Amino acid sequence: MENSYDSAAAAKWFDSTSPYNMVSWSLQPGSSDSDLSRFNLGSSDELVGGKDRAESVSRSHSLAEKRRRDRINSHLSALRKLVPDSDKLDKAALLARVIEQVKELKQEAKESPIFQDLPTEADQVTVLPETISNEFNQDTTIFKASFCCPDQTEAISEMVSVLKKFKLETIQAEFICVGGRMRINLIVKETATSTSAKALKQSLCAALNRITSLTSSSTSSVCRIRSKRQRWFLSSNYSQ
């Protein structure tokens, strides 16, 4: 009976004393599918298909890697255009220069007066009195007040209540809201009654405590309404 196995290697024992009787078989180039099945290798078509799939996966991986390198090089080229005198820098030196410039820009932003009026993370009240003379050479006390608190619509009504309490006239008002925080900068002046900076600051601090307590209660509420537009819409419906 003809077979495709190498007769010289068909019965080669690795260890004649081994209880497992391990034997080595070699395949000839003309091996049939039945011969391959004896070694659980599948058919010849399956072997060819597996090789094609492996080549396809390898090509896909190479293309993906090429696209990744192209993206990195494109971003590095964009950085070189933003950083002066960086044409001769390698990648590591370029990234180090970018980090250094970002730190410098952040420091400049902190020192810039444009960003000093942004809301702080901490709740705080500051009141600075200042005496000015009007056109009749009469001294008038003005107050520069700054009020940082959570971004709540109640903050404005609380501020108005304090101004009415001390009968202060508003010269300038500025409202800045960023990232759920609010800063109110006011310049107010006395009208009929004399007002001390200490009393004004105490009233503003009390208003701040009321606002933060409202924020704490709304945070713990399960049915918290995050949008100010939603709060206005619901309150207007309830009031009708």
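Helices (H or I, at least four residues) and strands (E, at least two) are DSSP runs, numbered from the N terminus. With that in hand, welcome to this structure. It is a predicted model, in which local features need pLDDT of at least 70, side-chain atom pairs count only at pLDDT 80 or more, and totals for chains, interfaces and linings use all residues. Residues are numbered from 1 along each chain as its sequence is written, and side-chain values use heavy atoms, leaving out hydrogens and water.

Let us begin with Leu 118, which sits in the loop between α4 (113-116) and β3 (124-133). Leu 118 has a relative accessible area of 33% and is partly exposed; buried means under 20%, exposed over 50%, and partly exposed in between (1.4 Å probe, protein chains only).

Now to the charged pairs. The structure holds 7 salt bridges, each a side-chain nitrogen of Lys or Arg within 4 Å of a carboxyl oxygen of Asp or Glu. Among them are these:

| Pair | N to O distance |
|---|---|
| Glu 65 and Arg 68 | 2.5 Å |
| Glu 158 and Arg 210 | 2.8 Å |
| Lys 189 and Glu 169 | 3.9 Å |

Glu 65 and Arg 68 both belong to helix α2 (residues 44-82), 3 residues apart, or about one turn of the helix. Together with Arg 69, they are linked in a network of salt bridges.

What does the salt bridge of Glu 158 and Arg 210 look like? Their side chains meet at 2.8 Å, N to O. This pair links distant parts of the chain, with Glu 158 in helix α5 (residues 154-165) and Arg 210 in helix α6 (residues 197-220), 52 residues apart. Glu 158 is buried at 16% relative accessible area, whereas Arg 210 is partly exposed at 39%.
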